[in-house]
Amino acid sequence: MKEAWTALTLRIEYLDGAALIAYLTLPHPVRLKSHYVRRLGPELLVDFSRGGRPLGIEILDPRHVSVAALNRVMRSLGLTPLQGRVVAPLRAA
């Protein structure tokens, strides 16, 4: 049986029409859970599994986080930088 994986998704929560917070879920096996969090930028927190696999990136203020800053974190984690429709909602926030 194949193991279930999460998909790369970006969720943004709004309050009164303004982007409040966002979460970028990184592809990983569904069975993995967050074990610790590390700050990797002024407004970026990364959730890691017990084994050190990055699970997601919390974007504390989407209006003030650039795609370039997010992609620096992606590269530091050994992940492919984001582009196209994945980051379009972040640019609009």
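Which residues does Leu-44 touch, not counting residues up to four places away in sequence? Leu-44 touches Arg-38, Arg-39, Ile-57, Glu-58, Ile-59, Val-65, Ala-69, Leu-70 and Val-73, where contact means heavy atoms within 4.5 Å. The structure is a predicted model, in which local features need pLDDT of at least 70 and side-chain atom pairs count only at pLDDT 80 or more, while totals for chains, interfaces and linings use all residues. Residues are numbered from 1 along each chain as its sequence is written, and side-chain values use heavy atoms, with hydrogens and water left out.

The strands are described next. Helices (H or I, at least four residues) and strands (E, at least two) are DSSP runs numbered from the N terminus. Five strands form an open sheet with antiparallel pairing, in the order E1-E2-E5-E4-E3; two strands pair if DSSP finds at least two bridges between them. E1 and E3 are the edge strands, each pairing on one side only. From one strand to the next, the twist averages 20 degrees, with axes taken as lines fitted to C-alpha atoms (for helices over the stretch in contact) and angles running from 0 to 180 degrees between N-to-C directions. Seven bridges join E1 and E2 in the antiparallel sense. Leu-15 has Ala-18 of E2 as its bridge partner.

A nonpolar core is a set of buried Ala, Val, Leu, Ile, Met, Phe, Trp, Tyr and Cys residues joined through side-chain atoms within 4.5 Å. Buried means under 20% relative accessible area, exposed over 50%, and partly exposed in between (1.4 Å probe, protein chains only). The largest such core has 20 residues, and those with the most contacts inside it are Leu-10, Leu-24, Leu-44, Ile-57, Ile-59 and Leu-70. Two or more residues each come from E1, E2, E4, E5 and helix H1 (67-76). H1 gives the largest share of this core, four residues. In soluble globular proteins, nonpolar side chains tend to be buried together.

Within H1, the buried residues are Val-67, Ala-69, Leu-70, Asn-71, Val-73 and Met-74. Their cover includes E2, E3, E4, E5 and helix H2 (88-92). Ala-69 lies in helix H1 and counts as buried because its relative accessibility is 18%. Ala-69 and Glu-43 are 26 residues apart in sequence, and their C-alpha atoms are 9.5 Å apart in space. Just after H1, Gly-78 takes a positive phi of about 80 degrees.

Leaving aside residues up to four places away in sequence, Ser-49 touches Leu-32, Lys-33, His-35, Tyr-36 and Leu-55.

The structure holds two salt bridges, a salt bridge being a side-chain nitrogen of Lys or Arg within 4 Å of a carboxyl oxygen of Asp or Glu. In one of them, Arg-31 pairs with Glu-3, with the closest N and O atoms 2.4 Å apart. Arg-31 lies in the loop between strand E2 (18-25) and strand E3 (36-41) and Glu-3 in the segment before strand E1 (9-15), so the pair ties together parts that are 28 residues apart in sequence. Arg-31 is exposed at 59% relative accessibility, whereas Glu-3 is partly exposed at 40%. A salt bridge also joins the side chains of Arg-63 and Asp-61, at 3.5 Å from N to O. Arg-63 is partly exposed, with a relative accessible area of 47%, while Asp-61 is buried at 15% relative accessibility.
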